Amino acid sequence: MSGAGGHAFPSDLDRQIDRAVDLLRAGELVAFPTETVYGLGADAANDDALQRLYEVKGRPSTHPVIVHVASIDQLDDVAVNVSDAARALAHACWPGPLTIVVARRPGAVSTLATGGLETVGVRVPAHPVALEFLRRFGGGVAAPSANRFGRVSPTQAAHVWADLGTDVAMVLDGGPSRVGVESTIVDCTQGQPSVLRAGGVTAADITRVVGVGLGAPSSTRAPGTLAAHYAPHARVELVTAGELGTRVAEHRASGQIVGVLALAEVVDRASLPDDVVVLARPRDADAYAHDLYDALRNADAHGVEYVLAVAPLTDGIGAAVADRLRRASHQ
Ligand code: TXA
Ligand code: MG
């Protein structure tokens, strides 16, 4: 057993973290766990590794990647002119599911990681394995979610293997992701911070820290905000709790294999026929976030053709869940 920050790792995991660091230093891609989703990591200072990252991900090279660091002390290594609001948010939420977009420090990370922008997205993830991996590596790790572009994000090591196979040198297994949806992205480059992507940290949390309301979403590019994203192969249709029973009946009548994704109270009230695949029936919005991507993947695994999804209320983390469901439904 060894490890920093009072965290002891079983010796096998400890060796795996060392191996992951060695591979990253050699310019390889390493998938690693975070509390939100698994990331596909590359040395943020290595152009060749970044090039390969974009190839494997299948993502346009103009889409920036989040740079992950082990500690808030590294923020100024990659950024300049960090505003008080950005610093306050980082202090309040890190380690955690928050990415702040700040002005990039010239030369600190590959311009491939920042997609040619003058800004950089930075995050300290709240996962003991990720933190130890980042600490031992020492520098920034550029990492998008470890799925192919446009597809469902991975919340387990097995999801990464299924998607990327041997295109990734190693998957560091840290168990299922606790939060289950990506980080909240806050643009801190222009005056009032504004949310570019809803995520694990709620709008109310952010407002509480910065003391005032959030600015209007800026025109800053955040391609995770593309309309069609997070999509399984099955069609996803968003319905209200009241519509669920009728829509299930209509799709079944046309011979479709139907899957349902809704809060337990909604599923129970709908009294669904036995041949409907209940993909998940989470008890609340936190559980919904946690189960969401695994449920969408299971739809494909069960041969479901139509997923009927009822979003939770859009307060708290429900906003991120509703956002991902909306994007999954745009195919
Ligand atoms: O929770 C997460 O954020 C996960 C884990 C692995 O940390 N990562 C993640 O990465 O979701 P990705 O690449 O799938 O989504 C990152 C989003 C993209 O929409 C990207 O455009 C945006 O962050 N982004 C990154 N840097 C940015 C920047 N400088 N300005 C605006 N948006 C940025
Ligand atoms: Mg992603």
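Two strands pair if DSSP finds at least two bridges between them. Helices (H or I, at least four residues) and strands (E, at least two) are DSSP runs, numbered from the N terminus.

This is a predicted model, in which local features need pLDDT of at least 70, side-chain atom pairs count only at pLDDT 80 or more, and totals for chains, interfaces and linings use all residues. Residues are numbered from 1 along each chain as its sequence is written, chains are lettered from A and ligands numbered from 1 in the order in which they are written, and side-chain values use heavy atoms, with hydrogens and water left out.

**Stop 1: strand β5**

Select residues 98-104. This is β5, and 6 of its 7 residues are buried (under 20% relative accessible area, with a 1.4 Å probe and protein chains only).

Select residues 119-123 for β6: β5 and β6 run antiparallel, joined by 4 bridges. Look for V102, whose bridge partner in β6 is V120.

Next, select residues 184-187 for β9. β9 runs parallel to β5, again with 4 bridges. Here I100 faces V186 of β9.

Last, select residues 79-80 for β4. β4 is antiparallel to β5, with 2 bridges.

**Stop 2: helices α1 and α5**

Select residues 11-25 for α1 and residues 128-137 for α5. Their axes come within 9 Å and cross at roughly 50°. Axes are lines fitted to C-alpha atoms, for helices over the stretch in contact, and angles run from 0 to 180 degrees between N-to-C directions. α1 and α5 are therefore oblique to each other. Angles under 35 degrees count as roughly parallel, over 145 as roughly antiparallel, 65 to 115 as roughly perpendicular and the rest as oblique.

Show side chains. On α1, pick L13, D14, I17, D18, A20, V21, L24 and R25; on α5, pick V129, E132, F133, R136 and F137. These residues are in contact (heavy atoms within 4.5 Å). The contact of α1 with α5 has 8 nonpolar, no polar and 5 charged residues.

**Stop 3: helices α4 and α7**

Select residues 84-93 for α4 and residues 203-210 for α7. The two pack at an angle of about 125°, with axes 9 Å apart. That makes α4 oblique to α7.

Which residues make the contact? A85, A88, L89 and A92 of α4 meet I206, V209 and V210 of α7. By class, the contact of α4 with α7 has 7 nonpolar, no polar and no charged residues.

Note on methods:
Ala, Val, Leu, Ile, Met, Phe, Trp, Tyr, Cys and Pro count as nonpolar, Asp, Glu, Lys and Arg as charged, and the others, Gly among them, as polar. Buried means under 20% relative accessible area, exposed over 50%, partly exposed in between (1.4 Å probe, protein chains only).
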